[in-house]
Amino acid sequence: MRQRPLERILLFHLPLWFFLIVTLFPFFWMFITSIKPNAELYNVRMNPLYVLHPTLDHFRYLMRETIFLTWAYNTLYVSILSTAISLVTGIMAGYALSRLRFRGAGGMAVGIFVTYLVPPTLLFIPLADVVRAFGLLDSPWSLILTYPTFLIPFSTWLLMGYFKTIPRELEECAMIDGATRLQAMIKIVLPLALPGILSAGIFAFTLSWNEFIYALVFLSSTEIKTIPVGVVSELIRGDVFFWGPLMAGALLGSVPVAIIYSFFVEYYVAGLTAGAVKG
Amino acid sequence: MLTSEITLPKEKVYRTAKWRLFLERDSSIGYAMVAPAVLILTLFIAYPFILGIRMSLSHWLVGQEPVFVGLQNFIRNADSTIFTRTVQNTFIYTAAATVLKLVFGMALALVLNNTFRGKGLVRAAFLLPWIIPTVLSTLAWLWMFDATFSVLNWFLRYLGLIQRGISWLGDPVLAMISIIVVNAWRGIPFFAISLLAGLQTISQELYEAAAIDGANAMQRFRYITLPMVKPVLLVVLLFSIIWTFADFQLVYVLTRGGPANSTHLFATLAYQVGVVSGSLGDGAAISLTMFPILVVVVVILLMYLRKE
């Protein structure tokens, strides 16, 4: 429908800019703080939106005085492994539940959906005890093995939806030609489901990168912490806030997910909305 | 006759390869493929859930043997003013933040449903609060709420709206408002992008037909847009309500439940009691109290969804 120019400004441009500024201002603020020297940062007389003498001091502090790079490595390691575990188990479960006929399949699908609805904060206290019983407290494996609890349900449901859109006939032809069920799945179905697998993977990776409460509760040694926990617990000591390094750390901790996300926006959005639109 | 002659030897071959047949059967492959997922979920969700119930019914301090005490932990909680305040906070937080996300998320979705240049880039930018680690973006908000150097106060003073700086997180009511605003800021993109996906499935012809029949913009929204996005809306609400109700990170970073325990949610209080103070039984009882409430919410929304 055609809109008059004034109507378009009032109903489109104005709200769009309002939303954009509100959405992005905290990131701008993060960035401007991270390159501002302390003399400007803690000067109430200055306009806080400008920076007169940009500096990389806060980033230098982060690299020299904290083990930020170790945290970054830990986060990457945990995210990649937990994403891989979740993808493999999610692909298998999603394929089996959407394609194969066996007793209890329906019940299991519902069970997996129910676990998707369980928020991590409901179970973190007893889960810490389970992790301790396995001797995994203060080890990255406490996260690598527990992150799949919220990644598998999501991946399984997303992939079940994808597998259902691939015609059965394709596999049946391959199996008539002598392929086994597994060969048909790996050679025929998986390549076709690649967009779904990519969506689930991107989603799982960002969720693991961002996870906080399990990492906060299960890890205690500084050198195995992840970025979110490391930045919050090691850069804030008591009531003293080092805002420059804090914002530099927040920025650097956000950049990897932002980059990955920017490459795969379409897959991310597809994953985000698949559950909502198809469910 | 020909067919039986062909099938007979085939069956014989199969019989000698019973193992292979077993492996090729749907049910054996099915169970084998579902097993890893079921194992992980049983070990780290189902079992902790049962353990959590046991914990919540015990007097259980870190490093000590648990003692069964029945419902004592729950009863003591119900009498505690901090706990009742927490219950109240969680409901207010969830309700207020959900309404904000719903209203602004829908507004943003409608705005983004226009055609304009750079739409892909703009849509990608709007999702940033949702994909950036919550703790890190919340740190930026903490700095924006800073008692002395708050940039929000600077804006308000610049516009001449206030004389002295507002202590955003120092006052119980303002602190609640602040955490609700930050939660909404983070959640609006999820609502907007999901609703946008719903809006894009609505055929333009419906609106044109309605316009020809004389329906105005409000009526078109009420009678076409809303009913068409309702299923999407319900799913988004379902997840958003669960996540908001069980939120932890935002409050942990912004107020740690303060000032004077006035902004705790279930999860932050459970962390305070169960992890920081080491009273596992009480902590587990606090977080498990969320369970029946969430079950009611989920059942109502799913029933509503099924009706659609």
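User: How many residues from chain B and how many from chain A does the contact between them take?

Analyst: The contact takes 72 residues from chain B and 76 residues from chain A, where two residues are in contact if their C-beta atoms, placed from the backbone, lie within 7 Å. On the side of chain B that touches chain A, the largest share, 20 residues, comes from helix α3 (residues 26-56) of chain B; helices (H or I, at least four residues) and strands (E, at least two) are DSSP runs, numbered from the N terminus. By class, this side of chain B has 57 nonpolar, 13 polar and 2 charged residues, with Ala, Val, Leu, Ile, Met, Phe, Trp, Tyr, Cys and Pro counted as nonpolar, Asp, Glu, Lys and Arg as charged, and the others, Gly among them, as polar. This is a predicted model, in which local features need pLDDT of at least 70 and side-chain atom pairs count only at pLDDT 80 or more, while totals for chains, interfaces and linings use all residues. Residues are numbered from 1 along each chain as its sequence is written, and chains are lettered from A and ligands numbered from 1 in the order in which they are written.

User: What makes V51(A) count as buried, exposed or partly exposed?

Analyst: A residue is buried if 20 or more other C-beta atoms, placed from the backbone, lie within 10 Å of its own, exposed if 12 or fewer, and partly exposed in between. V51(A) has 18 C-beta neighbours inside 10 Å, and therefore counts as partly exposed. V51(A) is found in the loop between α2 (38-41) and α3 (57-65) of chain A, and, not counting residues up to four places away in sequence, V51(A) touches I32(A), I35(A), K36(A) and E40(A). The C-alpha atoms of V51(A) and I35(A) are separated by 7.8 Å, although these residues are 16 apart along the chain.

User: How do you know how chain A compares with a compact globule of 279 residues?

Analyst: The radius of gyration, taken over C-alpha atoms, is set against a globule rule of 2.2 Å times the number of residues to the power 0.38. A compact globule of 279 residues would come near 19 Å, but chain A has 23 Å. The C-alpha atoms of chain A fill a box of roughly 75 × 65 × 30 Å along the principal axes, and buried residues make up 47% of the 279 residues in chain A.

User: Where are the domains of chain A, and what separates their centres?

Analyst: Chain A is divided into domain 1 (5-55) and domain 2 (60-278), with bounds that come from an automatic or database domain assignment. Taken over C-alpha atoms, the centres of these two domains of chain A are separated by 33 Å. Their contact takes 7 residues from domain 1 of chain A and 6 residues from domain 2 of chain A.
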